[in-house]
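The sequence and the structure come first.

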Amino acid sequence: MSDNVLFALEAAANGLTVGIMYSLVALGFVLIFKASGIFNFAQGVLALFAALTLVGFQTGQVPFSHLINAIFGTNIHDFGFTMPAVLAIILTVLVMILIAILVERLVLKHLVNQEPIILFMATIGLAYFLEGLGDIMWGAEVKRLDVGIPQGMSPWVDEVTYNLFGYGFYLDELSLWALGIAAVLVTALVIFSQYTKQGRALRAVADDHQAALSVGISLRFIWVLTWSIAGIVALVAGIMWGSKSGVQFSLSLIALKALPVLILGGFTSIPGAIVGGLLIGVGEKLFDFFMQPIIGGATENWFAYMLALVFLLFRPQGLFGERIIERV
Amino acid sequence: MLDQSAEGYVTADGRQIGPVVLELKNITLRFGGVEAIKNISFDIREGEIRAIIGPNGAGKSSMMNVISGFYVPQEGEIIYKGYKRAKMPPYQVARTGIARTFQNIALFEGMSVLDNIMTGRMNLMKSGFLKQALWWGPAAREEDEHREKVEKVIDFLEIQHIRKTPVARLPYGLKKRVELARALAAEPQILLLDEPMAGMNVEEKEDMSRFILDVNDEFGTTIVLIEHDMGVVMDLSDRVVVMDYGKKIGDGTPDEVRNNQDVIDAYLGVSHDE
């Protein structure tokens, strides 16, 4: 095989990593959109907030330490202990559930039956609030996140590809883990929604609120449940992204990359979010690989949006979305 | 005139009707300045088939929504099983044993017939989310038990052949039947049917009437129904409430109601020139 094809394949494989991150963020969007019809602008910030909280717990940071020091003239920063990753993750999950409960109590409950655009605006507010809260709680500096997922070149991929093609691919081991974890997460979600009572309730609410109420399903409980799951998915995305490039505020911007993913995959499809994310991840790497010599670099910044525009022209419901039928 | 003592009465076809299970007292419901229900009282007895009839816009569906908790009346009280019912959201009313169907079918279109009916048993399932996640065995067994009950309902309503079909693909008449099945799966004490036969042809209406009678007979379920087809109502029901412009203008056996002058006026229209 020619070198060029091999390099392209390597680029595509690396695109999968980035793609799976997009997928995870898009997945959070889809879950909330399906259950409540809300486009949750805050999904990216949820990932950031989860990652910040996780690092904070792990390193034994005192929350609000800047604020406390400013008010009381103290000088505290750390509790002076570190926490094992597993415990920190469990605690962060609890925090995400708490956020879900608060969002339902303080925001959603008061906006029942409002126009979708109003709920959308509320999530924009929520995004900025959480961003600020994360900042005040844990500080604004870039943080290193390490929960023990191996990083660096995967020797296994290197060896296998070397034996196959005579050229060893460079693939970050983190990518493989990300793929595996995403696969487990999606399988768990599918089993949950297809085979459990609450999963059935979730699908019921996504389908028809009135009917769901009439069989005794509490909408408020389901909302807390979906926001909790979306929070946990955000935590997974935050861990992956944070391990790769550090926990920083640009993390919340990956939410914007999830938009074209949703347009590709459809707003209501879980497999769509996954496939859409991978397509965009791989697509932008390949596009960059082939087009860079011709039109210059930085195509990754706009490729996804352009692809989304093309999709909007030819398949506005996305790959897996529900067909849009206008009945007259 | 029926002998309506506190214990109940015996119908013309020999069924024993029990004591009052749900009583509506002086219910008034307003939407802004419009009074949809004006000071209406009536009761529903155990094992009864109770109909609410009236011209379009009389407030029948509003009444149904009050009973099922979707609307909260501004005035009046609801006595259920001897206790005044506190204000509660509709999903909690459903949990007290009141199931319903909707005038414009409200099914979960994306789910199969079986899954739709399984949601009806939501409140009877005990395993919580965590238990299902951590303790798979017993939860799976519970799921099987509920599945068995659901299969019985499916047999009862003769919809075996469509059990795996996504609801969105079914014709109207069958959707109505699936909705009834979902309500039945909850094993309700009171079943509210909002125009169960609307839009059906004669044959489908006959089937539905038979199912309603069978449900009442087999499970002793109390049934409250709204229906436009007078023939059907008079055949099916034990007692009838007649509404017009939000007011109750008649209440009694089909025969009593049929001969009530107000009811005749409301239905046939009355000339004001005379």
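The text below takes the chain contact, then the domain contact.

This is a predicted model, in which local features need pLDDT of at least 70, side-chain atom pairs count only at pLDDT 80 or more, and totals for chains, interfaces and linings use all residues. Residues are numbered from 1 along each chain as its sequence is written, while chains are lettered from A and ligands numbered from 1 in the order in which they are written.

Chain A gives 17 residues to its contact with chain B, and chain B gives 25 residues; two residues are in contact if their C-beta atoms, placed from the backbone, lie within 7 Å. On the side of chain A, α8 (197-207) and α9 (209-214) are the elements that give two or more residues. Helices here are DSSP runs (H or I, at least four residues), numbered from the N terminus. The largest share of that side, 7 residues, comes from α8(A).

Chain B is divided into domain 1 (1-97 + 189-274) and domain 2 (111-187), with bounds from an automatic or database domain assignment. Their centres, taken over C-alpha atoms, are separated by 27 Å. The contact between these domains takes 10 residues from domain 1 of chain B and 8 residues from domain 2 of chain B. On the domain 1 side, α2 (90-95) and α7 (202-219) of chain B each supply at least two residues, and α7(B) has the largest share with 4 residues.

The classes of residues on two of these sides are tabulated next.

| Side | Residues by class |
|---|---|
| Chain A, touching chain B | 6 nonpolar, 6 polar, 5 charged residues |
| Domain 1 of chain B, touching domain 2 of chain B | 7 nonpolar, 1 polar, 2 charged residues |

Ala, Val, Leu, Ile, Met, Phe, Trp, Tyr, Cys and Pro count as nonpolar, Asp, Glu, Lys and Arg as charged, and the others, including Gly, as polar.
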